[in-house]
Amino acid sequence: RARQPREAAGAYRQAVQILAELSERDPSSAQLRAERAIVTGSMSRALLANGDAAAAASAAQQAVDGYDSLPEGSLRDLNTRYKQGVAHYLLGQALAASHQDKRACAAWRRRPTRSGRASGSRRRATSGRIPACRTSMV
């Protein structure tokens with residue numbers, strides 16, 4: 001779907017809607033919430049590839065929030081933790097594309113800790129690409 005971002009975004013949007021409905025039926029299911037966060041992150045990537053940075057940032061923030069809502073036990077899974085980091089990266093990418101450099105720097109600098117919750121660590125390799133990140137780094 002990477003070569004057809006418009007179609008991919010639509011398919012991801014439908015998948016997010018289905019997962020939202022399933023989550024409403026079973027709100028205690030961490031697996032459904034994790035899947036929704038994964039698909040929402042993928043939708044963000046497709047929206048960004050389609051040039052819709054504002055919608056991509058909104059979707060990426062929803063993905064980050066979805067991961068933040070997971071119980072600690074779910075965040076012990078390495079794949080889930082990796083995808084959580086990807087969601088933070090996508091949020092930074094989308095915010096940078098929206099010219100929201102300070103928010104992009106903050107998104108890139110946040111990373112999951114051992115418990116899965118975000119810390120204030122800096123990610124110099126990625127955030128250094130934005131002038132606002134370079135000037136505010138110590």
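Helix α3 has 16 residues, and its first and last C-alpha atoms lie 22 Å apart, close to the 22 Å expected at 1.5 Å a residue. This helix belongs to a predicted model of a chain with 7 helices and 2 strands. Along the sequence these elements follow the pattern α-α-α-α-α-β-β-α-α. The points below begin with the chain as a whole and then turn to single helices and residues.

**The chain as a whole**

- The chain has 138 residues, and buried residues make up 40% of them.
- The accessible surface of the chain comes to about 7,900 Å², and carbon and sulfur atoms account for 49% of this surface.
- Of the contacts between residues at least 6 apart in sequence, 51% join residues at least 24 apart.

**Confidence of the prediction**

- The average pLDDT of the chain is 82, and 76% of the residues score at least 70.
- Residues 120-128 have a pLDDT below 50, and this stretch has 26 contacts in the model beyond near neighbours in sequence.

**Helix α1**

- Helix α1 covers residues 5-25, which is 21 residues; at 1.5 Å a residue it should span 30 Å, and its end C-alpha atoms are 30 Å apart, so the two values agree.
- The buried residues of α1 are Pro5, Ala8, Ala9, Val16, Leu19, Ala20 and Ser23.
- The face of α1 turned away from the buried side carries the exposed residues Gln14 and Arg25.
- Helix α2, residues 30-49, is included in what covers the buried residues of α1.
- Leucine 22 is also located in helix α1.
- With a relative accessible area of 34%, leucine 22 is partly exposed.
- Between leucine 22 and arginine 36 there are 14 residues of separation in sequence, and their C-alpha atoms are 9.8 Å apart in space.

**Helix α2**

- Helix α2 has 20 residues and should span 28 Å at 1.5 Å a residue; its end C-alpha atoms are 29 Å apart, which agrees.
- The residues buried in α2 are Ala30, Leu32, Ala34, Ala37, Val39, Thr40, Gly41, Met43, Ser44, Ala46 and Leu47.
- The cover over the buried residues of α2 includes α1, α3 (53-68) and α4.
- Just after α2 comes glycine 51, which takes a positive phi of about 90°.

**Alanine 37, a residue of α2**

- Alanine 37 is placed in helix α2.
- Its relative accessible area is 3%, so alanine 37 counts as buried, the cut-off being under 20%.
- Leaving out residues up to four places away in sequence, alanine 37 touches Ala63, Gly66 and Tyr67.
- Alanine 37 and alanine 59 are 22 residues apart along the chain, and their C-alpha atoms are separated by 9.2 Å.

**Helix α3**

- In α3 the buried residues are Ala53, Ala56, Ala57, Ala59, Ala60, Ala63, Val64, Gly66 and Tyr67.
- The cover over these buried residues of α3 includes α2 and α4.
- Ala63, Gly66 and Tyr67 are among the buried residues of α3, and alanine 37 touches these three residues.

**The salt bridge**

- The structure holds 1 salt bridge.
- Arginine 76 forms a salt bridge with glutamate 72, and the closest N and O atoms are 3.7 Å apart.
- Arginine 76 has a relative accessibility of 60%, so it counts as exposed, the cut-off being over 50%.
- Glutamate 72 has a relative accessibility of 44% and therefore counts as partly exposed.

**Histidine 99**

- Histidine 99 is found in the loop between α4 (78-97) and α5 (101-109).
- Histidine 99 is not a glycine, yet it has a positive phi of about 65°.
- The relative accessibility of histidine 99 is 69%, so this residue counts as exposed.

Methods
Residues are numbered from 1 along each chain as its sequence is written. This is a predicted model: local features need pLDDT of at least 70, side-chain atom pairs count only at pLDDT 80 or more; totals for chains, interfaces and linings use all residues. Side-chain values use heavy atoms; hydrogens and water are left out. Helices (H or I, at least four residues) and strands (E, at least two) are DSSP runs, numbered from the N terminus. The expected span of a helix is 1.5 Å times one less than its number of residues. Buried means under 20% relative accessible area, exposed over 50%, partly exposed in between (1.4 Å probe, protein chains only). Contact means heavy atoms within 4.5 Å. Accessible areas come from the Shrake-Rupley method with a 1.4 Å probe; for residues, only the protein chains shown count as cover. pLDDT is the predictor's confidence in each residue, from 0 to 100. A salt bridge is a side-chain nitrogen of Lys or Arg within 4 Å of a carboxyl oxygen of Asp or Glu.
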